[in-house]
Amino acid sequence: MACSDLTVPVIIDRRFHGPLASGNGGYSCAMAGRFIAGPAAVRLHIPPPLDTPLGVRWKNGEVMLVYRAGGDEITVASARPASLDL
């Protein structure tokens, strides 16, 4: 995908929890990485919130899942293209 922002939010459903109050790390990373064509390197910045609409933002070839809390935009995860060269 090559757009600046998507209007449809990403939601990590409660059934995909890791710890009881946050999303499973692998599942949450996949939700961010799916916006990258090919292999992706994904980083979780905070425990992913459950049942919370996350906006998708693009910046410098990187995608970020973000949400608003108290007027601030908080980055939950970021993903960028990666190489599988070993």
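Arg14 is partly exposed, with a relative accessible area of 45%; here buried means under 20% relative accessible area, exposed over 50%, and partly exposed in between (1.4 Å probe, protein chains only). Asp51 likewise counts as partly exposed, at 37% relative accessibility.

The structure is a predicted model, in which local features need pLDDT of at least 70 and side-chain atom pairs count only at pLDDT 80 or more, while totals for chains, interfaces and linings use all residues. Residues are numbered from 1 along each chain as its sequence is written, and side-chain values use heavy atoms, leaving out hydrogens and water.

A search of the whole structure finds four salt bridges, each defined as a side-chain nitrogen of Lys or Arg within 4 Å of a carboxyl oxygen of Asp or Glu. Among them are the following pairs.

| Salt bridge | N to O distance |
|---|---|
| Arg14 and Asp51 | 3.1 Å |
| Arg57 and Glu73 | 3.3 Å |
| Glu73 and Arg68 | 3.7 Å |

Arg14 and Asp51 form a salt bridge. This pair links distant parts of the chain, 37 residues apart: Arg14 lies in the loop between β1 (5-10) and α1 (25-33), and Asp51 in the loop between β2 (40-44) and β3 (54-59). Helices (H or I, at least four residues) and strands (E, at least two) are DSSP runs, numbered from the N terminus.

Arg57 forms a salt bridge with Glu73. Because Arg57 lies in strand β3 and Glu73 in strand β5 (residues 72-81), the pair ties together parts that are 16 residues apart in sequence. Arg57 is partly exposed at 24% relative accessibility, as is Glu73 at 38%. Arg68, at 58%, counts as exposed. Arg57, Arg68 and Glu73 are linked in a network of salt bridges.
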